[in-house]
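Good morning, and thank you for joining.

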Amino acid sequence: MQYSANKASATGAHSVGGIAGAIYDKSTIISCYNAGNIRTTTSGSNNANYLAGGIVGYMSSGGVSTNVITISNCYNTGSVYGYSATSGITALQESAGRYYLNNNYTVRNTNRKRQIWYIITL
């Protein structure tokens, strides 16, 4: 996905993102931005699926160590609210695989129980 933008608010039960709720296997998101507020509606549970990210809610390589997921040159200006994990760029990445987050930034606060910030430069 390239040159995508979102200005609308996004709300859902789990894995909510301004550009994509979830991405899998071999995915690339380049030069995108989110200006909408992102929120999960589920609360009162400890389930790891209640994720909110300004760009992507959840990333998974499918458990394959050779799969690569990349998010580059993206930014978020919307507020992010989630129960299990929140972040201005992406809330959670599954282990295994390779994840590259390059030249991304967020200018708004994230708010909820647990905040995760992934800043990876390779």
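What share of the contacts in the protein chain with a separation of 6 or more is accounted for by residues 24 or more positions apart? The figure is 78%. Please bear in mind throughout that this is a predicted model.

Let me start with the overall composition. The protein chain contains 17 strands and zero helices. It has 122 residues, of which 45% count as buried.

Strand 11, residues 75-76, runs parallel to strand 16 and is joined to it by two bridges. Within that pairing, Tyr75 stands opposite Tyr105, and I shall come back to these two residues.

There is also an open sheet of three strands, ordered 3-8-13, again with parallel pairing. Here strand 3 (16-17) and strand 13 (85-87) are the edge strands, each pairing on one side only. Strand 8, residues 51-53, runs parallel to strand 13, and three bridges join them. As for individual residues, Leu51 has Ala85 of strand 13 as its bridge partner.

Now to the interior. In soluble globular proteins, nonpolar side chains tend to be buried together. Which residues touch the most other members of the largest nonpolar core? They are Ile23, Ile29, Ile55, Val56, Met59 and Ile71, out of 14 residues in that core. At least two residues of this core come from each of strand 4 (20-24), strand 9 (56-60), strand 10 (68-72) and strand 15 (98-102). Apart from this core lies another, of five residues, including Ala10, Val16, Ile38 and Ala52.

Setting aside neighbours within four places in sequence, Ile71 is in contact with Ile23, Ile29, Ile55, Val56 and Met59, among others. The contacts of Ile71 also include Ile89, Thr90, Tyr100, Leu101, Asn102 and Asn104.

Ser61 sits in the loop between strand 9 and strand 10. Is Ser61 buried or exposed? Ser61 has a relative accessible area of 0%, so it is buried. Again leaving aside neighbours within four places in sequence, Ser61 is in contact with Asp25, Asn67, Ile69, Glu94, Ser95, Ala96, Gly97 and Tyr99.

A word on the cysteines. The structure holds zero disulfides. Cys32 has a relative accessible area of 2%, and is therefore buried. Cys74, at 1% relative accessibility, counts as buried as well.

My last topic is the aromatic rings. A pair of aromatic rings is described by the distance of the centres and the angle of the planes. The count here comes to three aromatic pairs. In one of them, the rings of Tyr24 and Tyr58 have their centres 6.1 Å apart and their planes at 65°, so this pair is edge-to-face. Tyr24 belongs to strand 4 and Tyr58 to strand 9, and the pair links distant parts of the chain, 34 residues apart. Tyr24 is partly exposed, at 46% relative accessibility, whereas Tyr58 is buried, with a relative accessible area of 16%.

Here we return to Tyr75 and Tyr105. How do the rings of this aromatic pair lie: stacked or edge-to-face? The pair is stacked, with 5.2 Å from centre to centre and 5° between the planes. Because Tyr75 lies in strand 11 and Tyr105 in strand 16, the pair ties together parts that are 30 residues apart in sequence. Tyr75 counts as partly exposed, at 28% relative accessibility, and Tyr105 is partly exposed too, with a relative accessible area of 45%. Ring pairs also bring in Tyr33, which forms a cluster with Tyr75 and Tyr105.

That concludes the presentation, and I would welcome your questions.

Key
Residues numbered from 1 in each chain as written. Predicted model: local features only at pLDDT ≥ 70, side-chain atom pairs only at ≥ 80, totals over all residues. Heavy atoms only, no water. Core = buried A, V, L, I, M, F, W, Y, C linked by side-chain atoms within 4.5 Å. Buried < 20%, exposed > 50% of the residue type's maximum accessible area, 1.4 Å probe, protein only. Helix = DSSP H or I, 4+ residues; strand = E, 2+ residues; numbered from the N terminus. Contact = heavy atoms within 4.5 Å. Pairing = 2+ DSSP bridges. Disulfide = S-S within 2.5 Å. Phe/Tyr/Trp six-rings, centres within 6.5 Å; stacked < 30°, edge-to-face > 60°.
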